[in-house]
Amino acid sequence: MPSSSISTAPASLELRGLTKAYVRGGTPALNGVSHSFAPGKVTVVLGPSGSGKSTVLGAISGLVPPDTGGVWLDGRDITELAPEKRGFGMVFQNYALFPHLSVVENVEFGLRVRGLGREERRTQALEMLHLTRIPHLAGRRVHEISGGEQQRVAVARALAVRPTVLLMDEPLSALDARLRDDLRAELARLLRELALTTVYVTHDQAEAMSLGHELLVMQRGRIEQAGRAEDLYLRPASPFVAGFIGAANVFAGVERLSDGTVRLPFANLPAESDVPPGPCWAMLRPESFELVRDSGRADFTAVPEAIFFLGAQVRAQLRIGEQPLTAEFPAGTPLEPGRPLALRVRPGGLYVRAAENGA
Amino acid sequence: MNSELVQTAAPASAREAAPALSARECERSSRAALTLRVLAPALGAAALTALFFALLVWPLLCLLLGSLREGNTGDGAFTWENYRTFFGSRRMLGALWSSVWISLLVAFLSVALCLGPAWLLVRYRFPGKRVVRALFTLPMSFSGILIGFLSVIMLGRIGAVPQFAEWLTGTPWLSGFAYQLGGVLLAYFYFEIPRATLALEAALRKLDGRLESAARSLGASSGQIFRWVVFPQILPALLSTFALTFCVSLGSFGVVLIVSKRFTLLPLEIFQQIIASNRFPLAAAMSVVLLALALLVTLGSRWLVERFQPPVPSAR
C-alpha cells in the first residue's frame with residue numbers, strides 16, 4: 001500500500017434514516033438519523049450521554065448494526081459490510097490498546113492483518129509514530145506509557161491502515177484537563193493536515209467547537225441541528241441546542257407581542273426578528289448585557305448573587321425577583337454581590353424563534 | 001502540649017489534676033495502641049508460620065523421611081531401597097507412566113473442550129443460561145467414587161447405555177466401555193469439567209471485549225482476532241487451568257478405584273501398598289514421586305505464566 005493512497009479524493013459518507021433500539025421495543029438509541037458528512041473534513045457529533053452519538057459511530061464502523069436505514073460510502077451501500085472490511089480507522093474512548101503488544105506492534109496490527117511483510121509494516125508503523133510525535137516510545141509496553149501517550153498510539157494505530165474514514169469516540173475524555181487542551185490543539189492540526197473524512201464524537205462542546213468543521217448536535221436519538229459552530233451558537237434551532245452550545249439564558253414558552261417585543265418573565269424586550277406574534281422561545285447569551293448609568297435607559301434591574309472572575313470576563317449570577325440570569329461583563333466592571341445593577345440588552349442581543357411543537 | 005496549655009490556663013490544683021491525669025492516660029493508651037499495631041501483626045505472622053510448619057512442612061518432612069527408611073516403624077536405617085523397588089517394578093512404573101499420560105491427556109481435553117462452554121457462559125445471553133451453568137459446575141461436588149460408579153452404571157457390562165443401544169439396534173454398543181481406556185478418560189474428563197469451566201470462565205470474564213472491537217475495526221477476521229488478540233491474553237489462564245486439571249487428575253483415585261479392571265494408576269498403587277501390603281515406606285516413596293510430579297507441573301506452568309503474562313493494562 002503506497003503512502004500516496006492517502007492523497008486520493010476524500011471519502012463521502014452518508015447516513016440515511018438510521019434507527020436502532022438496543023432493546024426490542026425500548027427507547028430508540030437512534031431515531032431516524034440522516035446526514036451527509038463533508039468529505040475530507042472533521043464532523044463532530046455532540047450530545048449528552050445517552051443521546052445516541054456513540055451509536056452513530058457504531059453504525060458507521062459496523063460494530064453496531066442499525067435496525068433500519070443505511071450507511072453509504074462513495075455512493076455504495078455498506079450497511080451490511082462487515083466492520084473488518086470497511087477499511088476505516090477507529091480511535092476508542094479508552095484507546096483499547098493491545099496490552100500484550102509493544103507500542104510499535106500495536107500500530108503494526110492493522111498492517112499485519114493485511115499481510116504486509118515484517119520490515120514494510122515496521123517502516124510504516126514508525127512513520128505513523130513520527131506523525132503522532134512518539135517515535136521514541138516504539139519499543140515500550142503499553143502499560144508503561146502515560147495516558148496522553150497511549151492516546152497518540154491509538155491515533156497512530158488507526159491511521160496506519162490508511163483509512164478512508166477516521167472515527168474517533170471521545171478520544172480525549174480520559175485525559176486530565178491540561179493535557180486535553182494541548183492534545184486537542186495538536187489533534188486539530190493533524191486532522192487538518194490529513195484531510196480525512198472524520199467523524200468525532202464528544203460530549204465536550206469546547207472540544208467540538210475547536211475541532212469540528214461541522215457540528216451535529218444530538219438528543220434522544222435524533223440530530224437536533226447540524227451546522228458550523230458559529231451557526232449553532234448564534235442561531236440555535238431549539239432551546240436544547242441553545243443551552244448545549246455555550247452558556248445561555250433560555251426562555252421557553254414565552255410570547256411575542258404584536259408590538260414586536262417579547263414578553264419575558266421579568267421584562268418586555270424588543271427583538272430584531274421576523275418571528276410572527278405568538279408563542280415563541282427566546283435566548284439571551286451572557287455577553288449580551290450592558291450596564292447603564294442612567295437607570296431610565298435600563299431594561300431592568302438585577303441583583304448579583306455570586307461573582308466569578310474568569311480572566312478577561314467576570315461572570316455574574318443575577319436575580320431579578322425570582323428569575324435567575326447569567327451575565328458576563330468585561331473584567332474590571334465594578335460588581336458587588338447584593339448591589340443592584342441597571343442593565344440593558346444590547347441591540348440584537350435577544351434571539352427569538354417561533355415555538356415548534358413541544359418546544 | 002495539651003497539658004502545658006491546661007496548666008497555664010487553670011492554676012487551681014483541683015482542676016489541674018484531672019487534665020494532667022487524662023494526658024497521662026492518653027499517652028498510656030497511645031503506647032498500648034502502638035504495641036498493638038506492631039505486636040499484633042508480628043504475633044499473627046508467627047502463628048501463621050507455626051501453622052505452615054504444622055500443616056505442611058512437618059507432614060511432608062515425615063513423608064520424605066519415611067520414604068528413606070527401612071521397615072514400617074519409622075526408626076529403621078537410612079536406605080534408598082524403597083525408591084529402588086519403585087523404579088525397579090515394571091508394574092509400578094507402568095502405573096506412573098499411565099498416570100502421567102492419562103492426566104496430560106485429560107488436562108488437554110479439559111482445557112480444549114471447556115473453553116467453548118466457558119466462552120458461551122461469559123459472552124452470550126441465552127434462555128436457560130443458569131441451568132447450563134449448573135450443568136457444567138454441579139459435578140464439582142461429586143466425589144470420584146460417585147463418578148466412577150456412575151460410569152459403571154451407565155457404561156458397564158450391563159450399563160444403561162449398552163442396554164438402550166441393544167433395545168434400539170440389537171447390539172449392546174459400548175458394553176464395558178467404563179473399563180476401557182476411553183471410559184476411564186471419559187470419567188476423568190467428566191470429573192474435570194466443572195473445575196476447568198470455572199477456572200476458564202473467571203479468566204475470560206477479565207477479557208476486555210473492546211480489544212476485539214478494536215482488532216475488528218483494524219480489519220482482523222475472527223480467526224485473526226482469536227490468534228492475535230484473545231489467545232495471547234488467555235494463554236496464562238489456559239496454562240494454569242492445564243496445570244490445575246493435571247494435578248487433580250494425577251491425584252484423583254476414586255474413579256479408577258471403581259473401574260480399574262484393566263488399569264492401574266499411581267494413586268491406586270499407593271492405596272494398595274498402604275491398605276493391602278502395609279508397606280508404608282514404599283507407599284511414602286511413591287507419594288513423594290507423585291508429589292514431585294505435581295509440583296513440577298505447577299511450578300512449570302507458573303514459570304510459563306510469568307513469561308507469557310500480558311502486562312496489566314493501565315487503569316486509565
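## A loop residue in chain B

N278(B) sits in the loop between α12 and α13 (280-308) of chain B. The model is predicted. Phi of N278(B) is near 60°, a positive value in a residue other than glycine. Most residues other than glycine have a negative phi.

Is N278(B) buried or exposed? N278(B) counts as exposed, because it has 10 C-beta neighbours inside 10 Å, and 12 or fewer is the cut-off for that class.

## Helix α12 of chain B

## Chain B as a whole

Chain B has 13 helices and 0 strands. Read along the sequence, the pattern is α-α-α-α-α-α-α-α-α-α-α-α-α. Chain B has 316 residues, and 28% of them count as buried.

Among the contacts in chain B with a separation of 6 or more, 69% are between residues 24 or more positions apart.

## P139(B) and its contacts

P139(B) belongs to another loop of chain B, the one between α5 (129-137) and α6 (144-155). P139(B) counts as partly exposed because it has 18 C-beta neighbours inside 10 Å. The cut-off for a buried residue is 20 or more.

Which residues does P139(B) touch, leaving aside its neighbours within four places in sequence? The contacts are Y190(B), I193(B) and P194(B). One of these, Y190(B), is 51 residues from P139(B) in sequence. In space the two are 7.9 Å apart, C-alpha to C-alpha.

## Chain A: overall build

Chain A has 8 helices and 20 strands. Its C-alpha trace spans about 80 × 45 × 35 Å along the principal axes. Of the 359 residues in chain A, 41% are buried. Residues 24 or more positions apart supply 64% of the contacts in chain A with a separation of 6 or more.

The chain is divided into domain 1 (3-234) and domain 2 (247-354). The centres of domain 1 and domain 2 of chain A, taken over C-alpha atoms, are separated by 40 Å.

## A five-stranded sheet in chain A

An open sheet of 5 strands runs in the order β13-β12-β11-β14-β20 (chain A). The pairing is antiparallel. Which strands form the edges? They are β13 (268-270) and β20 (350-354) of chain A, and each pairs on one side only. On average, neighbouring strands of this sheet are turned by 40° against each other, direction ignored.

Within the sheet, strand β11 (residues 249-256) and strand β12 (residues 261-263) of chain A run antiparallel and are joined by 2 bridges. E255(A) has R263(A) in β12(A) as its bridge partner.

## A195(A)

A195(A) lies in the loop between α5 (177-194) and β8 (197-202) of chain A. Its phi is near 50°, a positive value in a residue other than glycine. A195(A) counts as partly exposed because it has 15 C-beta neighbours inside 10 Å. That count falls between the cut-offs, 12 or fewer for exposed and 20 or more for buried.

## Where the chains meet

The contact takes 24 residues from chain A and 21 residues from chain B. On the side of chain A that touches chain B, the elements that give two or more residues are α2 (103-113) and α4 (147-160) of chain A. Which element gives the most to this side? α2(A) does, with 3 residues.

The residues on this side of chain A divide into 13 nonpolar, 8 polar and 3 charged.

Notes:
Residues are numbered from 1 along each chain as its sequence is written. Chains are lettered from A and ligands numbered from 1 in the order in which they are written. This is a predicted model: local features need pLDDT of at least 70, side-chain atom pairs count only at pLDDT 80 or more; totals for chains, interfaces and linings use all residues. Two residues are in contact if their C-beta atoms, placed from the backbone, lie within 7 Å. Helices (H or I, at least four residues) and strands (E, at least two) are DSSP runs, numbered from the N terminus. Ala, Val, Leu, Ile, Met, Phe, Trp, Tyr, Cys and Pro count as nonpolar, Asp, Glu, Lys and Arg as charged, and the others, Gly among them, as polar. Domain bounds come from an automatic or database domain assignment. Two strands pair if DSSP finds at least two bridges between them. Axes are lines fitted to C-alpha atoms, for helices over the stretch in contact, and angles run from 0 to 180 degrees between N-to-C directions.
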